[in-house]
Structure formats: structure tokens, C-alpha cells
Amino acid sequence: MTWRGSIGITDRIFGTLVYCFAIFDTLSFGSFLLNQFPLFNFLLIPAVPIGFIYGVFGQFFGQFGSFIVFMILFLAVVRNERVSHFIRYNAMQSILIGILLALLDLVMQWVLIPALGSDNILMETLFNVIFLGGLAASYFSMIQSALGRYAEIPTISEAAYSQVRW
């Protein structure tokens, strides 16, 4: 990604915080690994406030709570040209990571689990790989944002960049 000007500390902070949403989205895949290694729970600390936000919206809007949070993040941040490009890019990339995780969750729940069952080593491995991959992408992006760099994740970054207007 090309450098587009100075990135201030507030841009870095907000660019980093949006990835807490992606970390929260990985929770549905972490059950096997977190049960076997409870020490990994510290990696989920950034997801705690997001769980609270989803809980509040879920209490008022039911199952549409996460959709409302997504729409607010998309419309108020990504499509708002008054917000810096760095924050909008990172918010869009976080949204895309969440969408990818949601699609993988649907495939797992509707295709793989009915076909293979949920209590075998293959499903446990798939859940662990998706969980660790989602965490790795989120934390890599958080570190890059904290350093003031655009995180480059193949395909996801290209899609995020194409969605964020200058």
C-alpha cells in the first residue's frame, strides 16, 4: 500500500481498535483449542468490550444486533469521507475478515458438520486452523496499524482498498 501522508496517533489507535470486532468473530471457532489450552484465553481480551456491545444491541434488537453493529461500522466509518483513509481502510478490512469468518461458519454448520459429524479430529483441526488464522490475521493487522502501516493480507486488503474511497 502506498503511503498517503502522516498517520497520527489517534488514527493508529482507532485503526487498531476496529480489529477487536474480527477477534470477536473468531470466538465461534475457538472452543476446541480454548478447552484444551485455557492459557490462550488471554488472546481474546480485546473481544470483551465487543461482546458487551453485541450484547447491548442484541438485547434491544434481538438476532439483528450484530447486523446493526455492522451497518453502523460500515456506514459511519467506512463510507464517511470525513474519517481518515487509514481508519476507514482498517475498518473495512476488519469487516471483511468478519464476513469471511461468518461464511466459513455457515459452511461448517450447514455442510461439513452434517456430513462429517462434529466429534472427529478433522473437524477439530478445521476449527483450530480457522480460529488461529482469524486471530493471526487480526493481530497482524493490529500490530501493523499500531505501527502506522497498512496491513497487507492477500485478497482481503485488495477488496478493502477497492471499497474505501479517497
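**A buried glutamate and its surroundings**

Reply: Happy to! Glu124 touches Phe32 and Gln36, leaving aside residues up to four places away in sequence; a contact means heavy atoms within 4.5 Å. This is a predicted model, in which local features need pLDDT of at least 70, side-chain atom pairs count only at pLDDT 80 or more, and totals for chains, interfaces and linings use all residues. Residues are numbered from 1 along each chain as its sequence is written, and side-chain values use heavy atoms, with hydrogens and water left out.

Me: Which side chain of opposite charge is nearest to Glu124?

Reply: Glu124 lies in helix α7, residues 121–146, where helices are DSSP runs of H or I with at least four residues, numbered from the N terminus. Glu124 is buried, that is, under 20% relative accessible area with a 1.4 Å probe and protein chains only, while exposed is over 50% and partly exposed is in between. Glu124 has no salt bridge, meaning a side-chain nitrogen of Lys or Arg within 4 Å of a carboxyl oxygen of Asp or Glu. The nearest side chain of opposite charge is 34 Å away, and it is Arg149.

Me: How many helices does the chain have?

Reply: Read along the sequence, the pattern is α-α-α-α-α-α-α-α. With zero strands, the chain has a helix count of eight.

Me: What is the radius of gyration of the chain?

Reply: The C-alpha atoms fill a box of roughly 50 × 35 × 30 Å along the principal axes. The radius of gyration is taken over C-alpha atoms, and the globule rule is 2.2 Å times the number of residues to the power 0.38. For 166 residues, a compact globule would come near 15 Å, and the chain agrees with its 17 Å.

Me: Is Thr155 buried or exposed?

Reply: Thr155 sits in the loop between α7 and α8 (156–163). Thr155 is not a glycine, yet has a positive phi of about 70°. With a relative accessible area of 58%, Thr155 is exposed.

Me: What separates the C-alpha atoms of Leu17 and Ile87?

Reply: Leu17 is in helix α1, residues 9–17, and counts as partly exposed because its relative accessibility is 45%. Leu17 and Ile87 are 70 residues apart along the chain, and their C-alpha atoms are separated by 9.5 Å.

Me: What share of the residues in the chain is buried?

Reply: Among contacts between residues at least 6 apart in sequence, 72% join residues at least 24 apart. Of the 166 residues, the buried share is 40%.

Conventions. Helices (H or I, at least four residues) and strands (E, at least two) are DSSP runs, numbered from the N terminus. Lys and Arg count as positive and Asp and Glu as negative; His and the chain ends are not counted.
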